[in-house]
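Dear colleague,

I am passing on the structure we spoke about, with the sequence alongside. Please open it first, and then read the notes that follow.

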Amino acid sequence: MDKNTRKVRNEDINPCIEESSASQKCLDAYNYDKSMCLAYFQRYKSCRKYWHNIMVQRRRDGVNPCMPTAAERQEMLAAIGGKPY
């Protein structure tokens, strides 16, 4: 894999791998008919928006790294009772 592909598939960098994979599988299943996968796209978009807001808040608070690690994200999600998106 090239550098960009590894970055996109890295759980510590991309918090929405699961949603991304689900939307890609939906596209594959429905022969790339985007109208059949709108719910998957919306879930991915909501995931990205949620974690972007977390990253911005951490940056404002001076926390490094700005994006929580995969382990930190799991703890955060468990604390709020699951995915909010």
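Predicted model: local features only at pLDDT ≥ 70, side-chain atom pairs only at ≥ 80, totals over all residues.

Helix H2 covers residues 17–29, and because 13 residues at 1.5 Å each should span 18 Å, the 18 Å found between its end C-alpha atoms agrees with expectation. After H2 comes Asn31, which has a positive phi, near 55 degrees.

As for the fold as a whole, the protein has 4 helices and 0 strands, which gives the pattern α-α-α-α when read along the sequence. Its C-alpha atoms fill a box of roughly 45 × 35 × 20 Å along the principal axes, and 25% of its 85 residues count as buried.

How many disulfides does a search of the whole structure find? The search finds 2, and, with the bonded cysteines counted along the chain, they follow the pattern 1-4, 2-3.

One of them joins Cys16 and Cys47, whose sulfur atoms are 1.9 Å apart. Cys16 sits in the loop between helix H1 (3–8) and H2, while Cys47 belongs to helix H3 (residues 38–60), so this pair ties together parts that are 31 residues apart in sequence. The link of Cys16 and Cys47 is left-handed, with -95 degrees about the S-S bond. Cys16 counts as buried because its relative accessibility is 0%, and Cys47 counts as buried at 0% as well.

The other bond is formed by Cys26 and Cys37, with their sulfur atoms 2.0 Å apart. This pair links distant parts of the chain, since Cys26 lies in helix H2 and Cys37 in the loop between H2 and H3, 11 residues apart. The torsion about the S-S bond of Cys26 and Cys37 is about -95 degrees, so this disulfide is left-handed, and both of its cysteines are buried.

Finally, helix H3 deserves a look of its own. H3 has 23 residues and reaches 33 Å from its first C-alpha to its last, close to the 33 Å expected at 1.5 Å a residue. Its buried residues are Cys47, Trp51, Ile54, Met55 and Arg58, so that the list holds Cys47, the residue bonded to Cys16. The cover over the buried residues of H3 includes H2 and helix H4 (70–79). H3 is followed by Gly62, which has a positive phi, near 80 degrees.

Terms used:
Residues numbered from 1 in each chain as written. Heavy atoms only, no water. Helix = DSSP H or I, 4+ residues; strand = E, 2+ residues; numbered from the N terminus. Buried < 20%, exposed > 50% of the residue type's maximum accessible area, 1.4 Å probe, protein only. Expected span 1.5 Å × (residues − 1). Disulfide = S-S within 2.5 Å. Contact = heavy atoms within 4.5 Å.
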